[in-house]
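Q: Please take a close look at a single part of this model. Start with one residue, then follow with its setting and some other sites.

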2 protein chains.
Amino acid sequence: MKTSVTELFKIEYPIVSGGMVWCSGWRLASAVSAAGGLGLIGAGSMHPETLAEHIAKTRAALAESRRPFGVNVPLFYPEIERAIQLLIDERVPIVFTSGGNPALYTARLKEAGITVAHVVASARFARKAEAAGVDAVVAEGFEAGGHNGRDEITTMALIPQVREATGLPLLAAGGIATGRGMLAAMALGADGVQMGTRFALSAESSAHEAFKNRCIALNEGDTMLCLKKLSPVRLVKNEFYARVAEAEARGAEADELRELLGARRSKRGIFEGDLAEGELEIGQVASLVRRVEPAGEIVQNIVDEFREATREVRQWEI
Amino acid sequence: MKTSVTELFKIEYPIVSGGMVWCSGWRLASAVSAAGGLGLIGAGSMHPETLAEHIAKTRAALAESRRPFGVNVPLFYPEIERAIQLLIDERVPIVFTSGGNPALYTARLKEAGITVAHVVASARFARKAEAAGVDAVVAEGFEAGGHNGRDEITTMALIPQVREATGLPLLAAGGIATGRGMLAAMALGADGVQMGTRFALSAESSAHEAFKNRCIALNEGDTMLCLKKLSPVRLVKNEFYARVAEAEARGAEADELRELLGARRSKRGIFEGDLAEGELEIGQVASLVRRVEPAGEIVQNIVDEFREATREVRQWEI
């Protein structure tokens with residue numbers, strides 16, 4: 001396949017696995033890249049030392065195929081300066097930044113020869129990212145798992161507006177877990193897709209098995225965007241969520257919610273498998289995912305479905 | 001064009017204009033039907049006498065072309081019994097029901113020879129509608145304007161799941177205002193689309209000019225789903241919305257919200273053009289609509305865009 005995204009990242013298929021906390025280690029990143037997509041290491045849940053180790057292992061796993069990989073780093077990362085320097089020192093080929101101001105580090109990364117993409121939740125921020133000099137934009141809709149924008153714009157409404165706002169290579173994210181979803185996103189103007197949920201539930205994801213098994217059994221409506229007075233996040237409706245929902249319904253302020261949230265809840269839920277008291281971050285499309293599969297098979301399956309759906313479009317009587 | 005939706009309704013294009021309160025009178029319904037789509041009269045804001053008048057005028061306007069039209073009736077409509085009897089007595093060819101239990105009236109309407117579609121916001125309700133005997137299902141996502149489901153499932157996540165749940169003709173709604181959006185919805189498994197926002201802002205919509213002009217100037221993020229403790233509704237962020245948001249943030253209960261809402265606010269906003277104190281119901285995609293155009297031109301424009309986008313898909317190097 002050939003789109004501006006495959007050209008930019010020098011990959012076979014315009015399919016990126018999101019850099020998800022507690023899911024996206026070297027195993028997942030290298031499996032996706034080896035299959036022809038772009039695998040991202042999620043730095044958000046790693047100290048710089050751990051990140052360095054995952055970069056080295058991804059590199060080793062991809063040494064023979066010489067395929068590229070990337071790192072996603074949230075710009076609110078506590079050790080951000082060290083992380084940025086590490087990415088430069090390690091000559092990581094591709095960096096996705098998210099959750100902050102792209103003007104802060106884009107120039108430095110670009111000067112080091114790194115290809116930079118930035119994740120946005122609105123056309124306004126897509127324009128800001130372009131002004132900051134990024135090479136590509138990921139537009140992520142309301143249906144996505146984990147942290148999310150404040151404007152609650154869905155992928156269906158978001159992609160055409162970001163497409164209007166910028167001519168940069170555009171990846172659609174949020175609500176996409178199948179080849180049909182990929183076709184829909186590309187019909188709306190995207191040049192490729194970033195998928196989180198389906199890869200978070202893959203065999204190579206470092207999420208706990210209990211988390212994966214809970215998520216592949218979810219029904220529609222089993223996740224909800226919450227904690228909007230802190231930072232909006234989409235979670236599975238579990239016991240912890242129920243306490244958040246109760247507090248929010250009676251108007252709890254940010255301080256109370258911060259205390260309720262406490263520390264390390266996403267690790268507890270996703271990595272340690274505490275299904276009751278952890279933050280279980282996953283997207284609305286989890287209800288379309290019914291099996292834990294190897295990430296490489298997922299990439300191939302998405303491509304096959306995409307081609308099949310495209311063939312169908314070619315046969316429509318219009 | 002030929003899909004299960006065009007076959008069922010005997011129309012040229014699988015494009016339905018939603019039955020929207022204070023927007024969908026005989027002028028809009030007949031303009032959409034005359035252009036080859038399916039125009040719906042929105043009974044929700046009409047007494048039965050007014051509805052009868054709009055049915056007669058739609059019929060007169062379509063007499064020569066002999067094209068079909070439909071009526072959308074919300075099942076929580078206060079005079080629902082009289083409305084259902086009217087639809088039967090008038091031999092309205094097509095009825096879309098929404099916002100209630102499809103088991104209540106579907107059999108009676110079908111016995112009278114009427115084609116029945118029901119609007120749902122989840123796959124679970126799509127199965128219920130099919131069990132009730134409807135001929136088609138409209139699946140409407142979180143990004144849609146006006147009243148909305150409680151599960152907040154977006155069109156991107158909803159359509160594939162409703163497609164899995166039922167083999168009935170399926171119309172996608174919510175977030176669709178262009179031919180590219182129509183292609184995306186059909187790639188996800190829909191057989192056609194129901195569009196509200198773009199037709200609400202058409203020349204033939206009976207909405208107030210001030211409402212239309214406000215809505216075509218909206219940016220992304222200028223609408224929000226609110227009043228979730230009553231019945232979730234997507235509104236433009238105006239002065240009235242600000243008071244609702246303030247009350248909700250401090251945990252106001254349903255009673256207080258009901259009092260704040262009062263009566264006739266949607267009429268005040270949409271029909272009378274009170275931009276500050278009215279309920280301004282419109283979808284997220286309003287920010288993609290930049291002009292008030294004749295509804296017939298909109299239908300043709302959507303079809304042209306859809307065909308152009310489909311031609312592009314045919315040229316992709318995959």
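A: Start with A:Gly99. This residue counts as partly exposed, because its relative accessibility is 45%, and partly exposed covers the range between the 20% limit for buried and the 50% limit for exposed. The model is predicted. A:Gly99 sits in a loop of chain A, between strand 4 (94-98) and helix 5 (106-111). Leaving out residues up to four places away in sequence, A:Gly99 touches A:Leu75 and A:Phe76. A:Trp316 lies 217 residues from A:Gly99 in sequence. In space, the C-alpha atoms of A:Gly99 and A:Trp316 are 41 Å apart.

Now turn to helix 7 of chain A, residues 155-165. Helix 7 is largely enclosed by the rest of the structure, because 9 of its 11 residues are buried. The buried residues are A:Thr155, A:Met156, A:Ala157, A:Leu158, A:Ile159, A:Pro160, A:Gln161, A:Val162 and A:Ala165.

Last, the cysteines. A search of the whole structure finds 0 disulfides over all chains. B:Cys23 is in no disulfide, and its nearest cysteine sulfur, that of B:Cys215, is 8.5 Å away. A disulfide needs the two sulfur atoms within 2.5 Å. B:Cys215 is likewise in no disulfide, with the sulfur of B:Cys23 as its nearest cysteine sulfur. B:Cys23 is buried, with a relative accessible area of 3%. B:Cys215 is buried at 0% relative accessibility.

How values were computed. Residues are numbered from 1 along each chain as its sequence is written. Chains are lettered from A and ligands numbered from 1 in the order in which they are written. This is a predicted model: local features need pLDDT of at least 70, side-chain atom pairs count only at pLDDT 80 or more; totals for chains, interfaces and linings use all residues. Side-chain values use heavy atoms; hydrogens and water are left out. Helices (H or I, at least four residues) and strands (E, at least two) are DSSP runs, numbered from the N terminus. Buried means under 20% relative accessible area, exposed over 50%, partly exposed in between (1.4 Å probe, protein chains only). Contact means heavy atoms within 4.5 Å.
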